[in-house]
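Trainee: I would like to go through this structure with you. May we begin with the terms?

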Amino acid sequence: MTPYQPTTVTPLVPAQPPQIMSAGSYVATRYGSRLMPVLTTTTALILARIWHEQGAAGSWGDVALMIVLSGASSAHGMVSAAKENGSEIITAVAFAASGAFALVGVSAYTSSWALAALLWLVATALVYAVTARHWRVARERAEARWHELQLTQVNRLADVETARLQATVQAQALTYGLMLARAVEHREALDPATFQAAVLAGTGLPQLTVNTEKN
């Protein structure tokens, strides 16, 4: 019987080390989407007040322009929402643009800072109320993806451990086979006349090819 030969184990590709993210990049990635709504409404308020100082105060023409733009955006959003294959992103952007035009128009027209600030507060609250659902869905998807990656990592570690154990067992079996073959050859060399291969096979040891030829 031919001595046992271990199978070839495919070498594993080493995992890439995780990239280190700076503190600024981490804050921007982690909390950038949370700050974007308030930054957007604040920028709109500032631009509206600048426009107010440059001639939009009490100007019905400027207000009418914002009303037309707001109405057109709102109509586009309703059309997109009514379609069977309408895009949620287009619908959300259209309604957001409609609210932004209305906010800018009124804030630019009125001379009251209190009213402009109240509009800014209401607009910011509405934006956060709308985007909270999208953040929740995104967080659930991220958690599901993280859970999937964790399961994949556990499975890969189990595969690596299984391959290591198989390689260890194969190496031990080969070592044992070589030692047994040397022991049999040594026993035969000591006293070839009394050496009996059939008796050795009856002990339950692995079948090995025994060289019975004498020099």
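Mentor: Helices (H or I, at least four residues) and strands (E, at least two) are DSSP runs, numbered from the N terminus. The expected span of a helix is 1.5 Å times one less than its number of residues.

Trainee: What kind of model is this, and how are residues numbered?

Mentor: This is a predicted model, in which local features need pLDDT of at least 70 and side-chain atom pairs pLDDT 80 or more, while totals for chains, interfaces and linings use all residues. Residues are numbered from 1 along each chain as its sequence is written, and side-chain values use heavy atoms, with hydrogens and water left out.

Trainee: How many helices and strands does the protein chain have?

Mentor: The protein chain has 5 helices and 0 strands.

Trainee: How far does helix 3 reach?

Mentor: Its 22 residues reach 32 Å from first C-alpha to last, close to the 32 Å expected at 1.5 Å a residue.

Trainee: Which residues of helix 3 are buried?

Mentor: Buried means under 20% relative accessible area, with a 1.4 Å probe and protein chains only. Among them are Leu103, Val104 and Ala108.

Trainee: Which residues form the largest nonpolar core?

Mentor: There are 8: Ala44, Ala48, Ala56, Met66, Leu103, Val104, Ala108 and Ala123.

Trainee: What does Ala48 touch?

Mentor: Leaving aside residues up to four places away in sequence, Ala48 touches Val104, Ser107 and Ala108, where contact means heavy atoms within 4.5 Å.

Definitions and conventions:
Core = buried A, V, L, I, M, F, W, Y, C linked by side-chain atoms within 4.5 Å. Buried < 20%, exposed > 50% of the residue type's maximum accessible area, 1.4 Å probe, protein only.
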